[in-house]
Amino acid sequence: MTAMLPGYLTAQQAADHLGISIKTVYNLNGQENGFPDPVYVGRTPLWPVGPLDTWRKRHPGRKKP
């Protein structure tokens with residue numbers, strides 16, 4: 001069962017939203033790089049959409065050849 005709050009994304013949803021892997025979401029979460037902090041519902045981290053979008057604007061994805 002996945003915990004859901006309006007305006008928040010699970011790790012997989014955040015990865016899909018940002019166009020990165022779920023592993024990258026967890027790696028970014030563990031670094032001091034301005035990546036949004038998740039809110040925990042029990043042991044499930046949920047990331048707020050607004051701060052994820054702001055982070056993406058500041059960190060555009062790499063262009064694929």
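1. Axes here are lines fitted to C-alpha atoms, for helices over the stretch in contact, and angles run from 0 to 180 degrees between N-to-C directions. Helices (H or I, at least four residues) and strands (E, at least two) are DSSP runs, numbered from the N terminus. On these terms, helix α1 (residues 11-18) packs with helix α3 (residues 49-58) at an angle of about 35°, and their axes are 11 Å apart.

2. Contact means heavy atoms within 4.5 Å. By class, the contact of α1 with α3 holds five nonpolar residues, one polar and two charged. The classes are these: Ala, Val, Leu, Ile, Met, Phe, Trp, Tyr, Cys and Pro are nonpolar; Asp, Glu, Lys and Arg are charged; the others, Gly among them, are polar.

3. On the basis of the model: this is a predicted model, in which local features need pLDDT of at least 70 and side-chain atom pairs count only at pLDDT 80 or more, while totals for chains, interfaces and linings use all residues. Residues are numbered from 1 along each chain as its sequence is written, and side-chain values use heavy atoms, with hydrogens and water left out.

4. On confidence: pLDDT is the predictor's confidence in each residue, from 0 to 100. The chain averages 88, and 91% of the residues score at least 70. Where pLDDT is low, the predicted coordinates should not be read in detail.

5. Three strands form an open sheet in the order β1-β3-β2, with antiparallel pairing. Two strands pair if DSSP finds at least two bridges between them. The edge strands are β1 and β2, each pairing on one side only. Helix α3 packs on the sheet, where it touches β1 and β3, and its direction makes about 65° with that of β3.

6. Strand β3 (residues 44-48) is joined to β2 by three bridges. In β3, Leu46 is the bridge partner of Val39, and Thr44 is that of Val41. β2 and β3 form a hairpin with two residues between them, and Gly42 in the turn has a positive phi of about 70°. On the other pairing, β1 and β3 share two bridges; Tyr8 has Pro48 of β3 as its bridge partner.

7. β3 is mostly covered, with four of its five residues buried. Buried means under 20% relative accessible area, exposed over 50%, and partly exposed in between (1.4 Å probe, protein chains only).

8. Met4 sits in the segment before β1 and is partly exposed, at a relative accessible area of 46%. Leaving aside neighbours within four places in sequence, Met4 is in contact with Thr10 and Gln13.

9. Asn33 lies in the loop between α2 (22-29) and β2. Asn33 is partly exposed, because its relative accessible area is 21%. Beyond its neighbours within four places in sequence, Asn33 is in contact with Leu28, Trp55 and His59. Asn33 and Trp55 are 22 residues apart in sequence and 9.6 Å apart in space, C-alpha to C-alpha.
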